[in-house]
Amino acid sequence: MEGRRLVKGNELGNDTSRTPRRKEGWSVFKRIRLAAKEQRLMTSLYHVVYHEAQLRAAYFSLKRKAAAGVDGVTWAQYGEQLAENLKTLAEQLARRGYRPPAVRRVYIPKPDGRQRALGVLAVADKVVQYVVACILSAVWETEFLGFSYAYRPRRSVHDALDALTVGLMTRPINWVLDADIRAFFDTISHEWLKQFIEHRIGDQRLVALIEKWLRAGVMEEGTWQASEQGTPQGGLVSPVLANIYLHYVFDLWADNWRKRRAQGAVIMVRYADDIVVGFEHWEDAERFRKELGARLAQFALALNEEKTRLIEFGRQAAQRRKQRGEGKPQTFNFLGFTHICGRTRKGKFQVVRKTMRKRMQAKLKELKQELRRRMHQRLQEQGEWVAAVLRGHYQHYGVPLNSRALASFTYRVKRLWHRALRRRSQKTHTLKWAKFKRVTARWTPAGCIHHPYPFARLAARGKWVLAVS
């Protein structure tokens, strides 16, 4: 799905030719960012949206094998007459006659068994949204705060994870608030979002285009439904709009609260609507949680009380809980990892990150069904697919101290594959485990650590401040 991808706002659209003058060779989005630093209100941006060079670059930046939108047109079909299609699209945008089609709604399973609603856009709509997302990213990147990581250039999931780990290990943190906003993307207020956008965008043509997307509605089983609130997950502009919304609702407020209200140390990390805040004092944590609920209510949002937890966590947590006879410190989940209070071999405190059990179980369940579907493919085709799955898993979950979980995942994938091969015929029904391992060894790489220790990554990039900002 394209909805959660990183918007690389500064890499698209170098529509100027190379010249000896460096300034003339910069892309249009870099120029927008420079202008956003100098002026508060951007009043002339819409002409970038209908520039054919930007639309063409956006088209080739899309995923080529993504599902077709509500119009049934795929990426390849749209590209058969690309020049003509982009010219027509640019003319519609220039005269403000473009009407976004409804979003086709699909559902994908979540690790907890529920369904997540995603929107599938038409190709033309993806092209326009990509350009607008790059414009918005260039404007707001100048004022987004350091502890916001989602959908921003040169910031990844692992940057957020490492910043959180370093903050927990270097600051006197004793309590952690794991906050979750209930149905965030579905409850965003269109009225508040428009006000937030107009805080930096003075070009009403661009604001009107964003409003069209918000009101386009969704198609589900052939029935059109109006969208009076929220922004559909799956839209390329939706992640940036969500970041802008939380920048004003949470980031600025929380940063001001930490500077003016907190009595002790406070660290924050936010990735989209997943928020983790660490506190030195329990009184600060309890007060912040109550005031956060009131703050969100002002902007049509609410905390998910079932998932929002305040736990004791930090270098003193184990000792204090042992003195009270309460057992080991509680853990919390963030971005697919369970964070645990651990100790080094020398007895020093460290944050241990393990693959979330629910995520692993959901992935194995998905792989079991897919292996059954691929059961009669050639062994090499199956092996190449399994190898790609394992490599992708290692690249995300291959963090230090997670080797045991990687090995467990690899072993269970092999078992699932072995079981599927034994069911393909009577001849393979007696396939022994030892022979299976020998034959498939070339396609089942062992789990390995892909990421450095958090301190090493942040030190190499010179971003120690990100861990505590």
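Predicted model: local features only at pLDDT ≥ 70, side-chain atom pairs only at ≥ 80, totals over all residues.
Helix H6 spans residues 82-94 and contains 13 residues. The distance from its first C-alpha to its last is 18 Å, close to the 18 Å expected at 1.5 Å a residue. Its buried residues are Leu 82, Leu 86, Leu 89, Ala 90 and Leu 93. These residues lie on the same side of H6, because they cover an arc of only 100 degrees around the axis. The elements that cover them include helix H3 (46-49), helix H4 (52-61), helix H5 (75-79), helix H7 (123-140) and helix H11 (204-215). Just after H6, Arg 96 adopts a positive phi of about 60 degrees.

In the whole structure, 20 salt bridges were found. One of them joins the side chains of Arg 457 and Asp 162, with an N to O distance of 2.2 Å. This pair links distant parts of the chain: Arg 457 belongs to helix H19 (residues 454-461) and Asp 162 to helix H8 (residues 157-170), 295 residues apart. Both Arg 457 and Asp 162 are buried.

Asp 255 is buried, at a relative accessible area of 14%, and Arg 258 is buried at 16%.

The side chains of Arg 324 and Glu 312 also meet in a salt bridge, at 2.4 Å from N to O. Arg 324 is partly exposed, with 43% relative accessibility, whereas Glu 312 is buried, with 3%. Glu 312, Arg 321, Arg 324 and Glu 326 are linked in a network of salt bridges.

Key:
Residues numbered from 1 in each chain as written. Heavy atoms only, no water. Helix = DSSP H or I, 4+ residues; strand = E, 2+ residues; numbered from the N terminus. Expected span 1.5 Å × (residues − 1). Buried < 20%, exposed > 50% of the residue type's maximum accessible area, 1.4 Å probe, protein only. Arc of directions from axis to C-beta. Contact = heavy atoms within 4.5 Å. Salt bridge = Lys/Arg side-chain N within 4 Å of Asp/Glu carboxyl O.
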